[in-house]
Amino acid sequence: MAAVDIDVLLDTEPQIHNQDDLERQAEGFKEQGNAFYSKKDYSEAFNYYTKAIDACPTNASYYGNRAATLMMLCRFREALEDSQQSVRLNDCFMKGHLREGKCHLSLGNAMAANRCFQKVLEMEPSNQEAQQEKKNATALLEYERMAEFGFEKRDFRKVVYCMDRALALASACHRFKILKSECLALLGRYPEAQSVASDILRMDSTNADALYVRGLCLYYEDCIDKAVQFFVQALRMAPDHEKARLACRNAKALKSKKEEGNQAFKNNNYEAAYQLYTEALKIDPNNIKTNAKLYCNRATAGAKLNKLNQAIEDCTSAIKLDDTYIKAYLRRAQCYMDTEQYEEAVRDYEKVYQTEKTSDHKHLLKMAQLELKKSKRKDYYKVLGVGKNATDDEIKKAYRKRALMHHPDRHSAATPEVQKEEEKKFKEVGEAFTVLSDPKKKMRYDNGHDLDDDGSFDGGDFDANNIFRAFFGGHGGGFSFDSSQDSGPGNFFFQFG
């Protein structure tokens, strides 16, 4: 037995000795860790605190120190574990509770953070750091509440504002980052939204929320096939992800309906295309870029159906959604041209040419400017009541009809006001015939040139009666006139041959 006791003594004494050595060694590692921490070399500090923990795993302060280092390295989840372990080992370790609260706060767990800071204040009511952090936790809860309300009201700018404030307090909270990036996507700020989601995916490639937001950005940028791939991947990671499921369904439906409309248009079935684009526009009002294209497509189909005013409205809707959409400006400008709204057409073509200075766009702008200039002159075709492609015979017949209709002698019994108006119209009819019956003048007029630039036409010296006499007097079997008995307008009469 004595031998056994001696063995025991011999066996136990080195153990006690080794334990003391380990504790001293652990303290040495801790001191080295502290030195590196003060130099802001947190990676080396982490290594030495880890060695201290390995040597003495029951010391709360070692976990607390390593938690502080991990916090400086922004590794808050690991820091939270160390902080929690420190207070499990020593519930009175105030710094451990404070660090646990800070980790919870950084990770966006305001309620848990609040409990930790309250624990510190129970131990030390005057602790100013705990008091301030408790206020921060309360503020974080308020930002969360405001953001939730804003999202329900679709006030996405407010949500982004709240999340920016929340992330200033909870920089490591993926949930806040995801909500911010989702709202940025809904606001059309895709590069910012993608940047946030991509940062999260670099740290956690299986994050279903980040995968969903990445897909949402692609979906809203009209990259529907790629978007579907991200939605499917998000659903693999989280099969009950309702937002990803809905977005995936909408993306597939939108793509299908748009393609059906495009095919109908290619087949010249414009009514069907118009209806399909209308149905596609109802699928997802939030998809700004795709809906802008759908409005423009429907405008194109509408123009083919001669629904020009509706086509203009659709182009305007497309531009409201995407004010950089050149195709919509071009389509609307053409509709304005077709409806003779030349000032509006010029405005749209100017916008296009300022954006893309191509020769084609310059030509379109010049044509619109020419038509605008022409529209501000007297419309001689309209004066005679003929189309712009009228033949010489049609122009002559029109002149004969209008000249007789508005000749002053025909209205000699009318009031002075009516006589004056008919005289004016009679003169305009003569002007119109003078220009449109002369090939050179007609060509210059049609090309938008000013007829008096070359002195070939002077409206001020124009005498409509001379044209009338020349036209009717030289027409053998048509109308003639005789004013030899009296030069007064009351005695003017027509003779039919």
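Let's start with residues 326-359 of this predicted model: over this stretch the chain is 82% helix and 0% strand, and its end C-alpha atoms are 15 Å apart. In the unreviewed UniProt entry, residues 326-359 carry the annotation "repeat: TPR", which also covers residues 26-59, 94-127, 208-241 and 254-287. Residues 94-127 are 79% helix and 0% strand, with the end C-alpha atoms 10 Å apart.

H8 runs over residues 156-169, has 14 residues and reaches 20 Å from its first C-alpha to its last, close to the 20 Å expected at 1.5 Å a residue. Its buried residues are Phe156, Val159, Val160, Cys162, Met163, Ala166 and Leu167. Seen down the axis of H8, these fall within an arc of 165°, so they line one face of the helix. The general rule is that an α-helix has 3.6 residues a turn, so residues three or four places apart point the same way. The partners of the buried H8 residues are helix H7 (128-152) and helix H9 (174-186). On the other side of H8 you will find Arg157 and Ala168 exposed.

**A look around Leu80**

Leu80 belongs to helix H4 (residues 76-89). Its relative accessibility is 12%, under the 20% cut-off, so Leu80 counts as buried. Leaving aside neighbours within four places in sequence, Leu80 is in contact with Glu100, Cys103, His104 and Leu107. The C-alpha atoms of Leu80 and Ser106 are separated by 9.9 Å, and the two residues are 26 apart along the chain.

**Salt bridges**

The structure holds 24 salt bridges.

| Pair | N to O distance |
|---|---|
| Lys293 and Asp222 | 2.8 Å |
| Asp225 and Lys255 | 2.6 Å |
| Glu431 and Lys378 | 3.2 Å |

In the salt bridge between Lys293 and Asp222, Lys293 lies in helix H15 (residues 288-304) and Asp222 in the loop between helix H11 (208-220) and helix H12 (224-237), so the pair ties together parts 71 residues apart in sequence. Lys293 is partly exposed at 28% relative accessible area, while Asp222 is buried at 17%.

Asp225 and Lys255 form a salt bridge that links helix H12 with helix H13 (residues 242-266), the two residues being 30 apart. Asp225 is partly exposed, with a relative accessible area of 47%.

Glu431 is buried at 6% relative accessibility, whereas Lys378 is partly exposed at 39%. Elsewhere, Glu27, Lys30 and Glu31 are linked in a network of salt bridges.

Definitions and conventions. Residues numbered from 1 in each chain as written. Predicted model: local features only at pLDDT ≥ 70, side-chain atom pairs only at ≥ 80, totals over all residues. Heavy atoms only, no water. UniProt positions renumbered as here; feature names shortened; annotations may be inferred. Helix = DSSP H or I, 4+ residues; strand = E, 2+ residues; numbered from the N terminus. Expected span 1.5 Å × (residues − 1). Buried < 20%, exposed > 50% of the residue type's maximum accessible area, 1.4 Å probe, protein only. Arc of directions from axis to C-beta. Contact = heavy atoms within 4.5 Å. Salt bridge = Lys/Arg side-chain N within 4 Å of Asp/Glu carboxyl O.
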